[in-house]
Amino acid sequence: MNMSKLWNRIKEAVHDLAYIWAEEMKMCIRDEGVLIFFIVVPLAYPLLYSWIYNNEVVRDVPVAVVDLSHSAESREFIRRVDASADTKVAFYCNNIAEAKDLMGRQKVNGVMFFPDDFGVRLNRGESSSVSVYCDMSLMLTYKAIYMTAMTVSSEMNSGIQIQGSSIMATTERDEQITTKPLDFEEVPMFNSTQGYGNSILPGVLVLIIQQTLLLGIGLSAGTSREENRFSKLSEMRTHQNGLFRIVGGKALCYFMIYSVMTSYLLLIVPRIFGFTTIATAADLIGLLLPFLLACIFFGMFLSCLIRYRENVMLIVVFTSLPFLFLSGISWPLSNIPPFWQGVSWLFPGTFGIRGFLTLSSMGGTLGDIEIPYIALWIQTGVYFLATCISYNIQIKASQEKV
Amino acid sequence: MLRKIINIAGRECRQMYRNPIYLFCMLLLPVFVMVFFTTLMQEGQPQQLPIGIVDQDNTSTTRKLVKNLDAFQSTAIVGHYPSPNDARMAMQRGEIYAFLYIPKGTTAGMMTSTQPRVSFYYNAVVMVAGSTTMKDLKTICTLGSAGVGKTKLEMLGKTEDEIMTFLQPIKVDLHMLNNPWANYNVYLSASLVPGLLMLFIFLITPYSIGTELKFGHSKEWMEMAGNNPLIAIAGKMLPQTLVHMLVFYGFEFYIYHILQFPHPGGVIPILLLGWLAVLSAQAFGIFCFGLMPSLRMSMSVCSLWAMLSFSLAGATFPVSAMDPFIQGVAWLFPLRHYYQCYQVCIFNGFGLHYAWIHWVCLMCFLILPALVLRNIRRAMLEYEYIP
């Protein structure tokens, strides 16, 4: 007797869940707006972004040269700057004013100035200097010019030192040691080309999941609300635990769509464009399951606060940029003020991005992202409850309307 | 005609007052965005970035090197690890951004002139932190190397001057024009925040026109304008333009006057650019709606366009390094021209004519609505709202 009662209830629950799921699925496919954010944007945007950043590094940054010294040394310096990968000598100018003009016309991003005593001083055994002027409106070009100037000068310095110390040194090895008694090696980790896209895009991909989910769920909920479709759901409410079935059925629909989209975004796209992907399957699933659930319930909760369907775009679209910064992908996490760190804990994207970068770009394991992992499960729980409560309120309100 | 415009503007004011979303998107959220970015990066240059040390040599020489490194402003040593592997794991956990590895026998090697090698590893995924810590580590290694040479030369009886000349015959004298602190707040806030302000304008413009259709007020609106779409749009946009301008100029006052971001270009380009930024964003919004007179489609297109413009403005990754096709596409984004005008005329202080083509492009955006006025009129009089 008891068994059959229980059996009936389970059957009914599954039936209701499936019904809600089917309804929501139909709506997602029929609603063009939802379709854009659930399917088109996640498919097209990553390709577009990857295309934009496909070159990854900045090469051949144009530099203007003002050489008043006309010496063999200055010419060697200029040749080396031109030959290095990151910069090229685009213009030779007669004076600084001319070079400045070129900078204003954006023909060059930097100027190198050799004073007239550049070669003379070097040959006299004195130190001389080259002035490097960088346009600071672009950090990457500044870095390219500055680093090249430093490298070239230190290379030439060693050459000069070898000449100067030939009395002390007897062998070639001796010369090497005199110029560099302590050797050092520079090792960029996890992104050995130091590519811009490789560093920023994995985070953007994770963010696209969260933002399109928020937009899609918001749009679909906005439509339901405008058409007062909640009254349909009230029938279901009369069943015991009906609320969980409504929330669960909808979440199941979003989860199914996004299982596919997430695989595409985080498994296929990085491989097409050759981003670092060194995560294992188990770790990835372990992170993405709570991340997707947290995003879905966060989206469902947020959608209850929105009056008209289009308002969701006004509220959600702009947040992408602040969310990206809060994840610590650009401005380092350790230097984000405590207040904003606290704010960032409210959003699944923060932990999703941090976790995904650790797993996929840095080859960490689930154990390395303990805090994001736990935080995502807590968010899932909290937003699930919040969703249930606000759905309850909404459904009651719509019952009264009917 | 003026009468009509004022009437419609009054009606628009009432609508904006009634629907709180306007208050949010035109005033509260833009202010939030300004405060967010400028407080997030208020340090300017990231300071005291956590790094680790793997000192397997552990002599007074290496400890001195480490102490010197700790004294640097942008790095802070937060951990000592027994092996590079442990340090690597700490890096994966996000505890440190970089570490210096000093293998056993380094000091002995320096004493016996066998050229020992130390290494530094930095996280290149987090680019700002990676390159900042890298710079410090490179400096300390160079100094360490120079220190040895210096001792040797002192031993030979060279004077301080001679030693410095020997160690560094060619000096690089770096001039970081207009942002000598490499302040990231100046660099990013001055380009991202205007982009976000323009994003709000991009969205709110088609929203306000489209909701006329949605709520079934479109015929009434057109009637007030005597079915002249130009008057209708002008009246509707007038109060919005004023609020947007207020916000934009408020932002510029905040960053240039209160935060003192560098602006050698002076007031004229600042005012002109603020004005053109607002108008071109509005014009683009109207154009999008006219092209696709559906609230959903036009807003979707505007939001996608606005998000892309952050990449295509070329403030972070230079446009010149992008694919040639993308370089061409970048011309279609108002934010790209905004950024070019900003950096040439305001940030670097060159005359307006240096960026004339971008000023002209911004003005060209203002003509766009003229192409779709008839479309908007037809939409308002004939179309029904489709969700």
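Helices, taken as H or I runs of at least four residues, and strands, taken as E runs of at least two, are DSSP runs numbered from the N terminus. In the predicted model examined here, A:Glu56 is found in the loop between helix 2 (32-52) and strand 1 (61-67) of chain A, and its phi is near 60 degrees, a positive value in a residue other than glycine. A positive phi, near 70 degrees, also occurs at A:Phe190, which lies in the loop between strand 5 (183-189) and helix 8 (196-226) of chain A. Because buried means under 20% relative accessible area, A:Glu56 counts as buried at 16%, and A:Phe190 likewise counts as buried at 17%.

The second largest pocket holds about 970 Å³ of space. Its lining comprises 31 residues, of which A:Met150, A:Ser154, A:Phe184, B:Thr142 and B:Gln168 are the closest to its centre. Two or more lining residues are given by each of helix 6 (139-164) and helix 7 (172-179) of chain A, and by each of helix 6 (127-155), helix 7 (160-167) and strand 5 (170-177) of chain B. By class, this lining divides into 12 nonpolar, 13 polar and six charged residues.

Four cavities of 30 Å³ or more were counted, and the largest cavity has a volume of about 50 Å³. Its lining is made up of B:Cys25, B:Met26, B:Pro30, B:Leu197, B:Phe200, B:Ile201, B:His244, B:Val247 and B:Phe248, with helix 2 (20-40), helix 8 (184-214) and helix 10 (229-258) of chain B as the elements that give two or more residues. Eight of the residues lining the largest cavity are nonpolar and one is polar, while none is charged.

Technical notes:
Residues are numbered from 1 along each chain as its sequence is written. Chains are lettered from A and ligands numbered from 1 in the order in which they are written. This is a predicted model: local features need pLDDT of at least 70, side-chain atom pairs count only at pLDDT 80 or more; totals for chains, interfaces and linings use all residues. Side-chain values use heavy atoms; hydrogens and water are left out. On a 1 Å grid over the protein atoms alone, a cavity is a set of points where a 1.4 Å probe fits but cannot get out, and a pocket is an open set with protein on both sides within 12 Å along at least five of seven lines; lining residues have an atom within 4 Å of a point. Grid points are joined across faces, edges and corners, and a volume is the space filled by probe spheres set on the points. Ala, Val, Leu, Ile, Met, Phe, Trp, Tyr, Cys and Pro count as nonpolar, Asp, Glu, Lys and Arg as charged, and the others, Gly among them, as polar. Buried means under 20% relative accessible area, exposed over 50%, partly exposed in between (1.4 Å probe, protein chains only).
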